[in-house]
Amino acid sequence: MGCSIGLGWFVLLVAVVNTEAQKKPSANIHSKCLGNIMRVDVGPLGGNLLEVAVVANNSAIPLTPSLASQCGFSVKTDQLGNTMIYASLQNCFAQNVADKAFTTTLNLRLHGNRMVEDELYQVAETCHYTSWASREIVCDRSYMEVSVKRAAPDDYALPEHPIPGADSKFGDPRRAAEKRPKDTGFRITTLVFFTPVERMMKVAEAQRRGYGIANTATRLLLRSPHASPETYTQNVAGVPMTVLKTSIIFEKKWLATQIDAAAACPSLEGSVSFTPNAISWFLPRHIDPLVSSGQFRLLDVHMGVDGQRLDPAEMAARGYTLSVNDVYIVVEIPIGAVGGYFKSHVQDDHYYTYYAIEPMLEVLWTEETTHEDTRYKVLFPITTPLLSQPPQVIDNTVPEERMFKVLLGPVGSDVALMNIAFPSEVLSVADCNVRGFNVLEHMSPNSSTKVFTLKVPFTDRVVLQMREMGVTVYSLHLTFGLLVLPEFAPFSHTAYLETKLTDVVPPSVSGGCDHQSFYVIVKYGTFNFQTVVGKQMITPVLAQQYGFVENGTHTSFSVLFTAPDVVFEAVEGSSIRTRLDVVLRNPETNKNIKEFSIACNFYSTLTECFPNGTMTALAVKLESVPSLNPSQLTLRDPTCGPSYSDDRYAYFVFTGSSCGTTRKFLQNMMLYENEISLPDELEMKRESKADEPEYELKISCYYDINKTHTVAFHPRPRRSEPYAENARGKLQVTMRLALDDSYSRFYTSDDYPIIKYLQQPLYFEVELTRSSNPQLSLELENCWATLNEDRTTQPRWNLLINGCVNPVDPSQVILHPVWADGRVQYPSHFKRFEVNMFAFAEDQDNLSQQLFVHCDTVICDARNPLGGVCNGQCSNQENRIKGKRRAVSDGQTFTHVSSGPIFVN
């Protein structure tokens, strides 16, 4: 592809690629030496004009098209406005030092309508090049050049090349090749062109016809435009090549000699083939016009792009391939590969693109007969045929986001989006963004293509809506107005989008309280959700615990105010203010759909005052003190800790004369006071770590004094002796193994045998069933473990002896208190204990694989204690100390329960 060349100065006009690029550009200029040529990179130009001039003898000579091809310059610009200026090291204006160092200076002037003033930049590059071949040929887009080695210095003379320009003191630039006599040596007088017919031409005439002729200390140079009349086309291995063949005649008095100089450059037509995905370039391996003998040997082949060599790794990364066969040197380039670019073209409002790239081949060969080598370099611009590639519209709309999302593309990077037309109005890109449509441009990584994205909310007036049967249909008609730069060629692309959205009804939550529970109702919506109660996701087990009931439209459940998922907010008098949090969560996005909280005051006996002076107090852990450990709470006397505690409660039992309780006399009553708090040392540590309030619970008991109660007693004679009615009944005791220390879930008979690891806790619960008598209590007399189901077998290990833990057991049984809850109506009917899993040693190296746990239980009547364990859980201190089990005697009836087998893992 050619450049835009003016009639006078060598001016490049590059238009903007996008509307924002029309601002004043920042200069981005780099130069580099590439063997026997140099390259200057400028840009992007941002739509401004670039004037190129060469500096010689402190004067700037503007490059015209003819002067550029005659003196060894060429320019190209891509679709983004990036410009590359190529110059032969032996250009007419280079400062040559012994054919080893070449300095070229350029003036680059930027100007345009949007610039306040012109910007002038000067680039000077010195390239060192010493690896000259006997003959060097360069095929550039605007000229062909051959440089041959001279026989000896000063043998041939050519008048010094004057600097062309408007100033008369530099003379006529067309006289640069005229002969000028020297004291000694040969002078160039005549050029003989073979077209292939011989045509002789004087040096001056050749200069006027656009040829560049120069000789230096060691080289002779001839440069010609491609379209020179003295060139001809020759078919070489099926590839048309433009050939320039000359003999340069030198004269010295009565002597004459000549030097042959020839160049041949391939033509695009016939040397390049295209497929939809690749470009193939064929260069003849043996270029007949340039090889005088059959003894030809190829020494080296290199490939590059834009005049710069590429190493094999870089070629592979770009997908290029280079191969050499008996006939051709073949280059294959994927269409769209890095190093080239796509250019847009509009024809009849249809959008086309072509791909342009300028590969380079550098070949070195030698001829055995002459022992002369040739370096042959071709910079070969290639442009693919027009490809019809109408932009595609991709609908990325997600209806639930209630916004149209449109992608248009891909298009070339030289395409600008100017406006978008809707049925009722036309908006520029800036207007669209102000309106909230969010128009964005996305460039591909190699900057060769781009796409445009657009977002239009369903609520905007350009979106049409139609509702039917609980479904809303949204539609959008739009036309994109596009422009190809720098040609300013307009084209458009129309799109229609439609989507449907089912009307969304979110779920809802409501609830209330009674004297002991929260009641929650969750109404379903139109999409799925997960229910979170407190901090726990509802599982089937938790749903069963909370009594979940579903009826197709809603779910209801209840939660006791003492449940672990309930939060204690405050203690107010004789009540606890508690809160239950319920969250409905989207399982796909994990975002909360609905958050619901309900807080209620529940009456609770926090303090009890007994006539005998005993007082009890219940301390609860509040939400405001999350780091509080209830087991560390004490009364005023730090030695008085809780009788029972867990992670939420601490229960204290004390008297009016203990644990720092104070007494105060009031009118007609006496006040006993104490308080529950953390010891001072623990409180200081907690405050240093957490910004939480101090925990303190006041305890008060009032007793009436000087109050008389009248009691009337009227005896009546007994009519008969007292008697008792005999009746029969059966009480049942069961033993179960719980899953954890909450004793809320238990293993069933289907779960046995159960497998546990050594030292893993086993949680046993023994329950008196079929009794509603609160005066009865269940006590554990003895508990032990055996290898077999038979409770009388040996070996055995005692766990509880006469109601007491075995003192010689290294891992003693832990007895857990039982509190009333939704399942436990009478705590005295239950006993709970914890044992760490162990195994019997069968011999020195083997452990048994199973065990059974057995217990003897006693049912006690509080109105008629039988003695023994009925007087207390650990009644016989003597046997406890000895660690022995008391024999069952005295005619007492024991109930035996067992659990197992439990396997050791």
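1. Before we start, one term: two strands count as paired if DSSP finds at least two bridges between them. Keep in mind, too, that this is a predicted model. With that in hand, look at strand β4 (residues 49-56), which pairs with β9 in the antiparallel sense over six bridges.

2. β8 and β9 make a hairpin with three residues between them. Check Ala98 in that turn: its phi is positive, about 55°.

3. On to strand β10 (residues 119-128), which runs antiparallel to β9 and is joined to it by 10 bridges. Thr103 turns up again here, standing opposite Thr126 in β10. If you're wondering what holds such pairs together, strands of a sheet pair through backbone hydrogen bonds, either parallel or antiparallel.

4. Is β9 largely enclosed by the rest of the structure, or left open? It is largely enclosed, because 10 of the 11 residues of β9 (residues 101-111) are buried.

5. Now for an open sheet of eight strands, with mixed pairing. Trace the order as β16-β17-β12-β11-β30-β29-β23-β24. The edges are β16 (212-215) and β24 (308-309); each has a single partner strand, so one side of each is left without a neighbour in the sheet.

6. Within that sheet, β29 (residues 359-367) and β30 run antiparallel and are joined by eight bridges.

7. You'll find it in β30 (residues 372-379). Why does Arg375 count as buried? Its relative accessibility is 13%, and the cut-off for buried is under 20%.

8. What does the side chain of Arg375 meet there? It makes a polar contact with the side chain of Glu136 at 2.8 Å. A polar atom of the Arg375 side chain also lies 2.9 Å from the backbone oxygen of Ser131. Leaving aside residues up to four places away in sequence, Arg375 touches several others, including Tyr129, Trp132, Ile137 and Glu362.

9. Last, the nonpolar cores. The largest has 59 residues, and Tyr320, Trp365 and Tyr376 have the most contacts inside it. A second, separate core has 31 residues, among them Tyr351, Leu454, Phe458 and Leu497.

Technical notes. Residues numbered from 1 in each chain as written. Predicted model: local features only at pLDDT ≥ 70, side-chain atom pairs only at ≥ 80, totals over all residues. Heavy atoms only, no water. Core = buried A, V, L, I, M, F, W, Y, C linked by side-chain atoms within 4.5 Å. Buried < 20%, exposed > 50% of the residue type's maximum accessible area, 1.4 Å probe, protein only. Helix = DSSP H or I, 4+ residues; strand = E, 2+ residues; numbered from the N terminus. Polar contact = N/O pair within 3.5 Å; in protein donor to acceptor, adjacent residues only side chain to side chain. Contact = heavy atoms within 4.5 Å.
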